[in-house]
Amino acid sequence: MKIKENLSKQELVQKIIEKKEFSDLPIEDVKKVLIFFDKPHRTNEEKIKLSRDLLRKMYSVFASDKILTKKNESTEWFLKKHISTKERFEDYKKIYGRIFQGFEKEKISVIDLGAGINGLSYKFLPKKTNYIGVEAVGQLVDLMKDYFKKEKINGKAIHESLFNLDEIKKIISNVKDKKIIFLFKVLDSLEMLERDYSKKILLELTPRVDEIVISFATRSLVRREKFRANRNWLVSFIGENFKILDDFDYGSERYIRFSKK
Ligand SMILES: C[S@@+](CC[C@H](N)C(=O)[O-])C[C@H]1O[C@@H](n2cnc3c(N)ncnc32)[C@H](O)[C@@H]1O
């Protein structure tokens, strides 16, 4: 379809989100992506296509269409369909066992940033954990909400962008228990739009919580894409600025647990 050339920014954003997979993203993120490509030498068609390509990489490449549309499948079915939870499905008990070693008697809140559908792994977490998943893709937020309701779980799913740091800080400050942030396989997505945003978010959030656990893939997440391998900069940054509490691999994922110094 030919796209008119005299579209306003607002109309371009509307065009971008016409596709279902982008229809429930935080609008500020869509605008931020468009700014990236909104250059005079590009046609509107190019701007829309490039914006959608980047949005797909940042948000929706991880979840198959089936996850976005199905409702009545089992928890295990969903966990095995999402590219991230599928890879750790067999290891959840060991991973959470290691992360929460020694916290068995404490009241814990997990704030899972860029959660995808990781809220569905709630049953592997220590009993009575207060879970809060923050995710940009509205359809995944709804999926987690439905699951918490159906299973009567102490969980919340919030539709918010990690680029809205003030809102993320508010979510954190409303939590009372021992606070642990998960940032599993999400820092790469943030870097795609804003270089060094990982550093910014870690510097802002680490002093506000008890611990942070980040993870990244040690093998390619999406086979078609070349692996942006070298995370040494991130590991050194964490080592220089925070206190590393643990660093381990399970499957094709590396986890680093740390706190403020
Ligand atoms: C690779 S998936 C990992 C999901 C989950 N953390 C896990 O490991 O199972 C990355 C997730 O981060 C979400 N995401 C990326 N950028 C985000 C942002 N700026 N705000 C909120 N969520 C974001 C994506 O939509 C996607 O669901």
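## Sheet and domains in a predicted model

Q: Across which strands does helix H7 lie in this predicted model?
A: The structure is a predicted model. Helix H7 covers residues 92-99. Its direction makes an angle of about 165 degrees with E6. The strands that H7 lies across are E5, E6 and E7.

Q: In what order do the seven strands of the open sheet stand?
A: The pairing in this sheet is mixed. From one strand to the next, the twist averages 15 degrees. The order is E3-E2-E1-E4-E5-E7-E6.

Q: Which strands stand at the edges of the sheet?
A: An edge strand here has a single partner strand, so one side of it is left without a neighbour in the sheet.

Q: In which sense do E2 and E3 pair, parallel or antiparallel?
A: Strand E2 takes in residues 130-135. Five bridges link E2 to E3. Within this pair, Gly-133 faces Ala-157 of E3. The sense is parallel.

Q: How many bridges join E6 to E7?
A: E6 covers residues 243-250 and E7 covers residues 253-259. The two run antiparallel. Phe-248 has Tyr-255 as its bridge partner in E7, and Asp-246 is opposite Arg-257 in E7. The number of bridges is seven.

Q: Which residue takes a positive phi in the hairpin of E6 and E7?
A: Two residues lie between the strands of this hairpin. The phi in question is near 55 degrees. The residue is Gly-251.

Q: Which residue in E7 stands opposite Ala-217?
A: Strand E5, residues 211-217, pairs with E7. The pairing is antiparallel and runs over six bridges. The residue opposite Ala-217 is Glu-253.

Q: What distance separates the centres of domain 1 and domain 2?
A: The domain assignment gives 9-60 for domain 1 and 65-259 for domain 2. The centres are taken over C-alpha atoms. They are separated by 25 Å.

Q: Which helix gives the most to the side of domain 1 that touches domain 2?
A: The contact draws 13 residues from domain 1 and 12 residues from domain 2. On the domain 1 side, H2 (27-37) and H3 (44-60) each supply at least two residues. Five residues come from the helix that gives the most, which is H3.

Q: How many charged residues are on the side of domain 1 that touches domain 2?
A: By class, this side has six nonpolar residues and one polar residue. The charged residues number six.

Terms used: Residues numbered from 1 in each chain as written. Predicted model: local features only at pLDDT ≥ 70, side-chain atom pairs only at ≥ 80, totals over all residues. Pairing = 2+ DSSP bridges. Helix = DSSP H or I, 4+ residues; strand = E, 2+ residues; numbered from the N terminus. Domains from an automatic or database assignment. Contact = placed C-beta atoms within 7 Å. Nonpolar A, V, L, I, M, F, W, Y, C, P; charged D, E, K, R; others polar. Axes fitted to C-alpha atoms, helices over the stretch in contact; angles between N-to-C directions.
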